[in-house]
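Hi,

Here is the structure I said I would pass on. Have a look at it first, and my notes follow below.

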Amino acid sequence: LVMMGSGEGRYAEFLMRAESQFKGRVVGYVGFSPEMEHKIIAGADILIMPSKYEPCGLPQMYAQRYGTIPVVHATGGLKDSVVQYNPFANKTLNEDIGTGWQFTAPDEGGVRFGLWNALHTYKHYRESWQELMRNAMAKDFSWELSAKKYEQVMRWAKMDSPFINPWPFQ
């Protein structure tokens, strides 16, 4: 387990105690460095992001590019950029198997749900895990794709004139 970040002192202290108690199994990095962030994400199998609020979020996108599977709270940019894993996707119908796991409650139960599913798949369904990694690495987060989607929304907006009803009780 590798953890990085800054925040409340009690969590930093907990992390330091865990690191000393479980030498070689838990590593804590209190603070933030973009270089260290990329090294940690690139070297991990799973990235957990239980953020209560996340307007955009880049780590889950980096993770997918590196083949690290994200387990995220379904909020904001996390919800938009991580596709829920679907082991029953029909590949002949070109259905997406997903790129990671989402959980709806940013609490212990939510994190347990996402992490249990990820670890269960990692441990018992290695071929599915490899496919999930390939799918995540193939995900396109480019500005070119975003611009095309934006243009499509603008075309749809121009298709019909807006409905205007200044007197809703008529």
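To start in the strands: which residue in β4 is the bridge partner of L47? It is P70. Keep in mind throughout that this is a predicted model.

That pair belongs to a parallel pairing of β3 with β4, which runs over four bridges. Between the two strands the chain passes through helix α3 (residues 59–66), and this β-α-β crossover is right-handed. On its other link, β4 is joined to β5 by three bridges, and these two strands run parallel as well. Here H73 has F103 in β5 as its bridge partner. The chain gets from β4 to β5 through helix α4 (residues 76–81), again in a right-handed β-α-β crossover.

β4 is mostly covered, with five of its five residues buried. I69, V71 and H73 point one way from the strand, while P70 and V72 point the other way.

Strand β1 (residues 2–5) pairs with strand β2 (residues 27–30) in the parallel sense, over four bridges, and M3 stands opposite G28 in β2. Together with helix α1 (residues 9–21), β1 and β2 make a right-handed β-α-β unit.

α5 covers residues 108–124, so 17 residues in the DSSP run, and reaches 23 Å from its first C-alpha to its last, close to the 24 Å expected at 1.5 Å a residue. Its buried residues are G110, G114, N117, A118 and T121.

At the start of α5, a side-chain oxygen of D107 comes to within 3.3 Å of the backbone nitrogen of G109.

Two single residues are also worth a click.

- Q64 sits in helix α3. Its relative accessible area is 0%, so Q64 counts as buried. A polar atom of the Q64 side chain lies 3.1 Å from the backbone oxygen of S81. Leaving aside residues up to four places away in sequence, Q64 touches P70, S81, V82, T99, A136, M137, K139 and F141.
- P50 is in the loop between β3 and α3. With a relative accessible area of 39%, P50 is partly exposed. P50 and G110 are 60 residues apart in sequence, but 8.4 Å apart in space, C-alpha to C-alpha. Beyond residues up to four places away in sequence, P50 touches H73, F103, P106 and V111.

Cheers

Note on methods:
Residues are numbered from 1 along each chain as its sequence is written. This is a predicted model: local features need pLDDT of at least 70, side-chain atom pairs count only at pLDDT 80 or more; totals for chains, interfaces and linings use all residues. Side-chain values use heavy atoms; hydrogens and water are left out. The expected span of a helix is 1.5 Å times one less than its number of residues. Buried means under 20% relative accessible area, exposed over 50%, partly exposed in between (1.4 Å probe, protein chains only). A polar contact is a pair of N or O atoms within 3.5 Å; within protein, one must be able to donate a hydrogen and the other to accept it, and residues adjacent in sequence count only if both atoms are side-chain atoms. Two strands pair if DSSP finds at least two bridges between them. A crossover is right-handed if, with the strands pointing away from the viewer, the path from the first strand over the helix to the second runs clockwise. Contact means heavy atoms within 4.5 Å.
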